[in-house]
Amino acid sequence: MYSFLKALIHNPREMGAIFPSSSFLAKEMAAHVVKNREGVVVELGAGTGVITKELLRSGVQPSNIIVVESSAGLVKKLRRRFPAIKIIEGNAAELVALLAFEKREVHTIISSLPLRSLHKPMAESILQQINLRLSDEGRYIQYTYSFNEDPFFSLANYQRIISKRIWMNLPPARVEVWV
Ligand SMILES: C[S@@+](CC[C@H](N)C(=O)[O-])C[C@H]1O[C@@H](n2cnc3c(N)ncnc32)[C@H](O)[C@@H]1O
């Protein structure tokens, strides 16, 4: 919690939240990852690792998870907490370059990035990179605090298959799954 607050004070726009996600929200996010698929799950913006922990608990192998997190302080904590997971310090807007070493398919991108609080060009670059790196049959899972169901961005050729409200979170959130 302390590391989350520290990162929030240093970079409120990038943190985009006052508290880490609740276990209810983290469980809902992880529940939409299709298990036992060939390839890797990429988590964007892991923060203190609440969703990372749920990915592991739900059965995703640590060797099949790659985390991308921009805050150096949080990366340090994540590496200590999850020594078996590859944690990359970097900007999700450079996702393709950051994952150049990975030859396996990325079948899921699970993101807590605060797209609505980031500058629009940055949010758009991130979405373009997600589109480039996600496999054809892949899933993009994202939560938002916005209850406005209109997508504020367009993901060409994507379809939203789930939009579920999670009341047990501060603030309440909505989980979206795109294919
Ligand atoms: C709302 S917090 C979510 C933290 C955690 N996953 C949770 O749900 O509690 C957003 C996280 O995204 C990270 N972040 C923001 N912009 C980023 C970017 N462009 N690339 C990678 N990580 C970013 C922040 O440092 C922060 O840890």
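Predicted model: local features only at pLDDT ≥ 70, side-chain atom pairs only at ≥ 80, totals over all residues.
## Sheet, cores and pocket

Residues are numbered from 1 along each chain as its sequence is written, and side-chain values use heavy atoms, leaving out hydrogens and water.

Helices (H or I, at least four residues) and strands (E, at least two) are DSSP runs numbered from the N terminus. Contact means heavy atoms within 4.5 Å.

**The sheet.** Seven strands make an open, mixed sheet. Their order is β3-β2-β1-β4-β5-β7-β6. β3 (86-89) and β6 (160-166) are the edge strands; each has a single partner, so one side of each lacks a neighbour in the sheet. From one strand to the next, the twist averages 15°.

Strands pair when DSSP finds at least two bridges between them.

| Strands | Sense | Bridges |
|---|---|---|
| β2 (65-69) and β3 | parallel | four bridges |
| β5 and β7 | antiparallel | five bridges |
| β6 and β7 | antiparallel | six bridges |

V68 has I88 in β3 as its bridge partner. Helix α5 (residues 72-81) packs on the sheet here, touching β2 and β3. Its direction makes about 170° with that of β3.

**Strand β7.** Six residues separate β6 and β7, which form a hairpin. In this loop, between β6 and β7 (173-178), sits P171. A cis peptide bond joins L170 and P171, with omega of about -5°. K164 has V175 of β7 as its bridge partner.

Why is β7 largely enclosed by the rest of the structure? Six of its six residues are buried, that is, under 20% relative accessible area with a 1.4 Å probe and protein chains only (exposed is over 50%, partly exposed in between). A173, V175 and V177 point one way; R174, E176 and W178 point the other.

**The cores.** A nonpolar core is a set of buried Ala, Val, Leu, Ile, Met, Phe, Trp, Tyr and Cys residues joined through side-chain atoms within 4.5 Å. The largest has 25 residues, and V42, L44, I109 and Y140 touch the most other members. β1, β2, α6 (95-98), β4, α7 and β5 each give at least two residues. α7 supplies the largest share of this core, four residues. Another core lies apart, with 24 residues, among them F82, I87, I110 and Y143.

Y140 stands opposite W178 in β7. Beyond four places in sequence, the contacts of Y140 include I109, L127, L155 and W178.

**The pocket.** A pocket is an open set of points on a 1 Å grid over the protein atoms alone, where a 1.4 Å probe fits and protein lies on both sides within 12 Å along at least five of seven lines; lining residues have an atom within 4 Å of a point. The largest pocket has a volume of about 820 Å³, the space filled by probe spheres set on points joined across faces, edges and corners. Its lining has 50 residues, with E14, M15, E69, S112 and P114 nearest the centre. α1 (2-10) gives the most to this lining, six residues.

**An exposed residue.** N36 is found in the loop between α3 (23-31) and β1. N36 is not a glycine, yet its phi is positive, about 60°. N36 is exposed, at 81% relative accessible area.

Definitions and conventions: Axes fitted to C-alpha atoms, helices over the stretch in contact; angles between N-to-C directions.
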